[in-house]
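Subject: Handing over a structure

Hello,

I am passing this structure on to you, together with some notes on what turned up in it. Please have a look at it first and then read on.

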Amino acid sequence: MIGLYGGTFNPIHEGHLRAAEEVVEALDLECMVFVPSARPPHKSEAGDDVIAPAKLRLDWVTLAVRGNARFAVDAIEVERPGPSYLVDTIRALRARHSGSELVFTAGQDAFNEMGTWREPGELFRLAHIAVTTRPPVRRGSLADWLPECVRSEVEIAADGLSARHREANTWIRQLPVTALDISASRIRALLRAGRSIRYLVPERVRAAIEASGCYTAGPREGEEDTIS
Ligand code: ATP
């Protein structure tokens, strides 16, 4: 089984990396493929908040996964023109990895929105789905927050932690992971405020982000920490 970890990764951070590591271990995946979204249909720029160029976000993800033999990156969405619809990506990756089942990995917040994504019913047929916890962690049964459109298509286990698609035989599983309350939006806000992002992202990613000057007016000078 191969994991797919989709996201804007604007920028990638330790919350993403730790969750991916724990999913790989829990499901004994061959590997986890990070797929940065080029033009995320559900995220927009507001005020000073920017979406960094896709090529930069891809470079940062590549730097972040380096050294982990079970992590990989696929540039498929960056190379494909038009909006980055997950359903197109999963179809293409199923063809590319035809001998393996795919497990799409989503945090609870992303999973909760999947009903609004393109062809949501198909998403649940094409791949298994691992739903990782993310602060603020929601406990309870999948029945409480399963997208409406797949409700009648899946059978939820008695403990509420998993479900099986009646026709496609794909599954959905809740997977608790170490709670790291880190978000890309907070990292961008810190950078805009001229504050440190050290230890929230891998060190080489921090260096690359700061050198790009992407979320600030320009590259930061010096190495001084400004967290008070
Ligand atoms: P933003 O703050 O800009 O909305 P984000 O931090 O949520 O970004 P995304 O790239 O949108 O990052 O997230 C990609 C995937 O990673 C989503 O499925 C999301 O739920 C999951 N994720 C993000 N941060 C964490 C975290 N701290 N712990 C576990 N999962 C996370």
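Below are notes on the pocket, the ligand and a few points along the backbone.

This is a predicted model, in which local features need pLDDT of at least 70 and side-chain atom pairs count only at pLDDT 80 or more, while totals for chains, interfaces and linings use all residues. Residues are numbered from 1 along each chain as its sequence is written, and side-chain values use heavy atoms, with hydrogens and water left out.

Let me begin with the pocket. A pocket here is an open set of points on a 1 Å grid over the protein atoms alone, where a 1.4 Å probe fits, with protein on both sides within 12 Å along at least five of seven lines; lining residues have an atom within 4 Å of a point.

Where does the ligand sit? It sits in the largest pocket (more than half of its atoms lie within 2 Å of the pocket's grid points).

A ligand nitrogen is 2.8 Å from a polar backbone atom of leucine 180, and a ligand nitrogen is 2.9 Å from one of isoleucine 182. A ligand oxygen lies 2.8 Å from a polar backbone atom of alanine 184. Taken alone, the ligand exposes 610 Å², and the protein buries 91% of that (Shrake-Rupley method, 1.4 Å probe).

Now for the backbone. Most residues other than glycine have a negative phi, and most peptide bonds are trans. Phenylalanine 9, in the loop between β1 and α1, has a positive phi near 50°. Proline 11 is in the loop between β1 and α1, and the bond to it from asparagine 10 is cis, with omega near 5°. Another cis peptide bond joins proline 135 and proline 136, with omega about -5°.

Best wishes

Definitions and conventions
A polar contact is a pair of N or O atoms within 3.5 Å; within protein, one must be able to donate a hydrogen and the other to accept it, and residues adjacent in sequence count only if both atoms are side-chain atoms. Helices (H or I, at least four residues) and strands (E, at least two) are DSSP runs, numbered from the N terminus.
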